[in-house]
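Please read it alongside the sequence and the model.

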Amino acid sequence: MVVSRASLGRVALAFVALGAAQASAQQKTVITFAGATFAEAGRGDKLRAWVEQFNKSQDKIEVQPVTIPFSTFANTVFTQMGGGGGPDLVRLDQTDYYAAVEANRLLPMDDLVKPGLKWSAPDKFLKVGDKRFGIPFEISNYVLILNGALVPNPPKDFDAFVDAAKAATKDGNYGFAFRATMAERAGFWQDVCNYVYGFGGRWSDDAGNLTLNSPKVIEGVAAYKRMYDAGAIPKGADAATYRRMFWEGKLGMEIDNGGVATIFYTQSPTMKLVAAPSPFPTKAQGLILAPLAVNANTKSKDAVKTFLGWMLEPEHQASLQQLLGASNVATVVPRPEADLKDRPWLAVFDAQTENSVPQLVTGYETKTPEIQQIVLEAVLRVLQAGQDPKRAMDDAQRLASSRVSRK
């Protein structure tokens with residue numbers, strides 16, 4: 001076989017081009033981004049595609065998503081970081097975020113984000129002392145979600161709320177649902193927080209003292225008991241069961257986060273899905289806040305800074321907010337008019353951002369699980385044994401104060 005000089009020249013040029021491409025790839029700084037969201041059905045694929053938009057805009061940096069299931073995420077990442085490794089960027093739950101700050105696992109971020117951004121209100125909860133160790137990646141608020149066919153008019157106050165729940169409880173349907181078992185401890189805590197916050201209570205005060213038995217906390221617990229006794233909830237039903245009941249048209253109302261509303265919309269697009277502020281004396285409700293933080297072990301601080309700068313640009317914040325559904329992002333981003341017209345309930349979730357409060361005990365963030373156990377045991381005595389709310393919360397205050405120190 002005779003090969004022409006021209007053919008040899010083309011082959012040589014091809015090898016040169018391939019070599020250049022390989023060298024270019026090898027010269028890229030690769031940073032890893034770990035988040036349980038990457039493992040979620042639907043949203044995971046969309047989030048990977050969002051990250052790929054960044055990669056296509058760069059010739060020297062590449063972000064590689066790392067998928068770790070939620071059930072093992074915290075243990076896996078903390079073990080890696082404790083050993084001097086781990087992902088460069090990590091999306092944490094808020095409890096894990098404070099634990100990571102306390103363990104010196106995170107890099108201060110004040111010099112990694114540009115000044116002058118219009119941050120979403122919950123950003124203030126991510127400051128520890130005078131330093132920033134995270135930025136909001138996802139903010140999910142709680143509001144009242146209604147099936148308009150069962151509850152035509154959103155209740156405006158708590159009395160009307162209880163009455164509406166009772167009225168919708170008939171023909172095999174229930175008016176409202178929440179959690180009230182230790183089998184769903186985390187969700188039970190979220191639901192109790194919404195009542196306590198809505199009635200003006202907090203688990204601690206500005207001086208760092210526990211306030212588990214303050215009058216407003218007791219009001220919230222008493223209100224929880226009132227709804228529990230109203231004959232309007234499917235007692236013992238777990239969240240998976242009563243949420244399915246909702247999209248099947250068998251449940252009138254629940255107070256839940258934006259991710260759940262998005263599921264309802266997807267599962268039953270023809271339902272008259274309505275959202276309204278929770279019908280409590282104050283606007284405060286619980287908050288699911290997922291920070292994005294930087295591993296203190298990162299060797300690629302400049303690349304991380306570049307990605308964060310890209311992420312915080314308005315157009316990329318807008319696309320991230322859209323793929324997350326009814327959640328908000330780090331900065332204030334208006335939604336497209338078409339989205340609000342198609343899903344008007346989105347505006348209710350967005351409006352709640354200013355009033356949302358983390359479901360943590362301020363000043364005792366890393367001790368919240370221990371305090372949570374004590375509080376929920378007290379609430380169960382109120383619900384199931386008929387104990388007076390004041391006595392139960394007085395007992396909780398004494399027990400928590402003797403067992404839990406701030407540091």
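## A partly exposed loop residue

L150 counts as partly exposed, its relative accessibility being 23%, where buried means under 20% relative accessible area, exposed over 50%, and partly exposed in between, with a 1.4 Å probe and protein chains only. L150 lies in the loop between β6 (135-147) and α5 (158-168); helices (H or I, at least four residues) and strands (E, at least two) are DSSP runs, numbered from the N terminus. Leaving out residues up to four places away in sequence, L150 touches A168, N173, G249, K250, L251 and G252, contact meaning heavy atoms within 4.5 Å.

## Basis of the model

This is a predicted model, in which local features need pLDDT of at least 70 and side-chain atom pairs count only at pLDDT 80 or more, whereas totals for chains, interfaces and linings use all residues. Residues are numbered from 1 along each chain as its sequence is written, and side-chain values use heavy atoms, with hydrogens and water left out.

## The chain as a whole

The chain has 15 helices and 11 strands, and its C-alpha trace spans about 95 × 50 × 40 Å along the principal axes. Of the 407 residues in the chain, 50% are buried. Among contacts between residues at least 6 apart in sequence, 74% join residues at least 24 apart.

The accessible surface comes to about 18,600 Å², and 53% of that area belongs to carbon and sulfur atoms; accessible areas come from the Shrake-Rupley method with a 1.4 Å probe, and for residues only the protein chains shown count as cover. The mean positions of the 45 positive and 42 negative charges are 2 Å apart. In that count Lys and Arg are positive and Asp and Glu negative, while His and the chain ends are not counted, and the place of a charge is taken as NZ of Lys, CZ of Arg, CG of Asp or CD of Glu.

## Helix α4 and its cover

Within helix α4 (residues 94-102), the residues Q94, Y97, Y98, A100 and V101 are buried. These residues lie on the same side of α4, because they cover an arc of only 160° around the axis, the arc being that of the directions from the helix axis to the C-beta atoms. The cover over the buried residues of α4 includes α3 (70-82), β4 (127-128), β10 (285-294) and β11 (356-358).

Elsewhere in the chain, A223 is placed in helix α7 (residues 215-228) and is buried, with a relative accessible area of 5%. Apart from neighbours within four places in sequence, A223 is in contact with F158, Y195 and F199. A223 and Y98 are 125 residues apart in sequence, and their C-alpha atoms are 31 Å apart in space.

## Positive phi angles

Most residues other than glycine have a negative phi. D171 is another residue other than glycine with a positive phi, near 55°. D171 is placed in the loop between α5 and β7 (174-176) and counts as exposed, at 75% relative accessibility.

## Salt bridges

The structure holds 19 salt bridges, each defined as a side-chain nitrogen of Lys or Arg within 4 Å of a carboxyl oxygen of Asp or Glu. In one of them the side chains of E254 and R243 meet at 4.0 Å, N to O. This pair links distant parts of the chain, with E254 in strand β8 (residues 251-257) and R243 in helix α8 (residues 239-247), 11 residues apart. Both E254 and R243 are buried.

R335 and D350 also form a salt bridge through their side chains (2.6 Å, N to O). That pair links distant parts of the chain as well, R335 lying in the loop between α11 (314-324) and α12 (337-342) and D350 in helix α13 (residues 345-352), 15 residues apart. R335 is buried, with a relative accessible area of 9%. In the salt bridge between E248 and R244, the closest N and O atoms are 3.8 Å apart; E248 counts as partly exposed at 42% relative accessibility, and R244 counts as partly exposed at 37%. Finally, E40, R43, R91 and E138 are linked in a network of salt bridges.
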